[in-house]
Amino acid sequence: MAFPSAFLDELNSRNPIEDVVGQYVALTRKGSNLFGLCPFHGEKTASFSVAPEKGIYYCFGCHKGGGVINFIMEIENLSYPDAVRFLAKRAGLEVPEDGTNQSQYKKKERLWALCKESARFFNEQLRSPNAGEVRAYIAKRGLSRATVTRFGLGFAPNAWSALLDAMTAKGFTKEELYDAGLVLQNREKGTFYDRFRNRLMFPIIDVRGNVIGFGGRVMDDSTPKYLNSPETIIFNKRRNLFAMNIVKKSKQGFIILTEGYMDAIALHQYGFDCAVASLGTSLTQEHADMLSKYTNEIVLTYDGDAAGQNATQRAIPMLEKTGLRVKVLRMQGAKDPDEFLKKYGADRFKLLLEGSENQAEYRLRSLRMKFDLTTDEQKVEFAKQAAELISTYSTAVEREIYGVRAAEMAGLSPETMKLEIGKAFKRRAATEKKTQEKRDLEIAAARQPRARELRYDNVRSAMAEEGVLRMLLREPALFDRTGGLTEETFSVPMFGKVFSVWKQRHLEDLPLDLSCLAEGLSSAEMSHLTGVLQKQDAPLSDDAFDDCVRIIREEYRHAQVSDASSLRAMQESLRKKKGYGGT
């Protein structure tokens, strides 16, 4: 729908882009702009910029960009109207009546409220007479009352419709309970029943404090032992981590990544308020990207069994891809952090953390364990694989140190190992050079929009049109020098549309920004426009602006002449064909 301009202006002013984006991305000021790691793709160096003065964001890596409304549309996966409602609620603004009763965002609000009420219900049930077994289990695991309260633990009664009855009594529908993953449906009978029964309940809370799902540990021999909420419109296990809502405020300087809820909770209880756990899934790149926004260092504490070792090996490259320093904690005398803390206490665990291996040590040691180095054949294979591994280490110092260490393991001379690492490094460098050359070629073609539907037919005019829009955004008074320019004179229809909208706003004495364009432009158009507007221009001047206007007019006239010539040529061709056919 079309929201009133005055409302959108107020919405924009009450939601400064740096404040909104700052809730999702850790930003650092560099000059007049702010930079951080892009939330839309994995990266090691910050290429995501926010320009408060212009009210725009732009990523130089993935080229997504726009205003504050576009950011919310992308990050929350909302439609334009729902993103407006999201920001309006954030700013305490009342949205003009739009006649839409079942928007996606309103549905999300209902499910958030439902999950919050369900968490309260489960917590209340923990004090009921029927929860004796789960209370005994909590005591056995050594969890304090404060810890139970902090994490909002609860109990799902051993009944078919306890939660269903309680929530419908509060006004929620069975369909909403189903959409939130809290109940299941018997398709044959059409009846609904509770998903979680006779389980210790762990609320899953996102970084904004919304309860989005649950994990439940069974209290009998039922399977599965741990049951998590299914994927819903508010819960995506690939993009959320247990306890991240608490850890984001930690001052420890690093984050401990564990395998399960109880390990994370135990670490918090013993004073390590920087522990998170994945939600019944292996670590994903989305998890790694999220972690990189809150810390520079990760300590992996997966179990020491084969499954835990494999999980560690998979996690390291994903975490390193985001630029995180990765350490691996090796536990002896206990299978997991929870058991270690109970046996040896927090001080011993702190020493264990301080002595944790960096990923380079861990990966080399793990590789060594795969080979029997008493045989020549195994030594040769180990040396080859070790050389390939060490060639990936980022600094010459690391390659030197671990090259010597690998040589000692294999019983080879450091010089021989260094030679093998050098060969592997050269092969890798050659491959990366080819990749970079390909990337450079792509950059050379970057003057064209990335989206095929936005290709420039007249590059000279398009470059001038970009310049006009950038300068108008910086200095709207330049509209007085645009005589003769209309929407039709622009060779890029999108630029003509933007020029027309901005000119009308200028005549109405309204500010020029991107919020007034969010509904009228597609996501691809908005991203491209933002990329255009964030480019650095030469110092603003009347001459530079006039030059761009002149080029647009010239190219428009040339196009008109060319079109007229083409039309005459076509008419002449048709005339000749008719004449030939009649002879």
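Guide: On a 1 Å grid over the protein atoms alone, a pocket is an open set of points with protein on both sides within 12 Å along at least five of seven lines, a cavity is a set where a 1.4 Å probe fits but cannot get out, and lining residues have an atom within 4 Å of a point. Grid points are joined across faces, edges and corners, and a volume is the space filled by probe spheres set on them. The model is predicted, so local features require pLDDT of at least 70 and side-chain atom pairs pLDDT 80 or more, whereas totals for chains, interfaces and linings use all residues. Residues are numbered from 1 along each chain as its sequence is written, and side-chain values rest on heavy atoms, with hydrogens and water left out.

By these criteria, the largest pocket has a volume of about 940 Å³. Its lining comprises 32 residues, of which Ile75, Glu76, Arg208, Arg239 and Asn240 are the closest to its centre. Helix H3 (68-75), H5 and helix H12 (285-292) are the elements that give two or more residues to this lining; helices (H or I, at least four residues) and strands (E, at least two) are DSSP runs numbered from the N terminus. By class, the pocket lining has 15 nonpolar, six polar and eleven charged residues. Here Ala, Val, Leu, Ile, Met, Phe, Trp, Tyr, Cys and Pro count as nonpolar, Asp, Glu, Lys and Arg as charged, and the others, Gly among them, as polar.

The largest cavity, with a volume of about 60 Å³, is lined by Arg150, Phe151, Pro203, Ile204, Ile205, Phe242, Ala243, Asn245 and Ile246. Two or more of these residues come from each of helix H7 (145-151), strand E9 (199-205) and helix H10 (244-247), and E9 gives the most, three residues. This lining divides into seven nonpolar, one polar and one charged.

The lining of the second largest cavity has three nonpolar, five polar and two charged residues.

Serine 118 is buried because its relative accessibility is 0% (buried means under 20% relative accessible area, exposed over 50%, partly exposed in between, with a 1.4 Å probe and protein chains only). Residues up to four places away in sequence aside, serine 118 touches Leu163, Met167, Leu182 and Phe214, where contact means heavy atoms within 4.5 Å. Valine 211 lies 93 residues from serine 118 in sequence, yet their C-alpha atoms are 9.2 Å apart.

Glutamate 176, in helix H9 (residues 174-179), is likewise buried, with a relative accessible area of 16%. Beyond its neighbours within four places in sequence, glutamate 176 contacts Arg110, Leu111 and Leu114.
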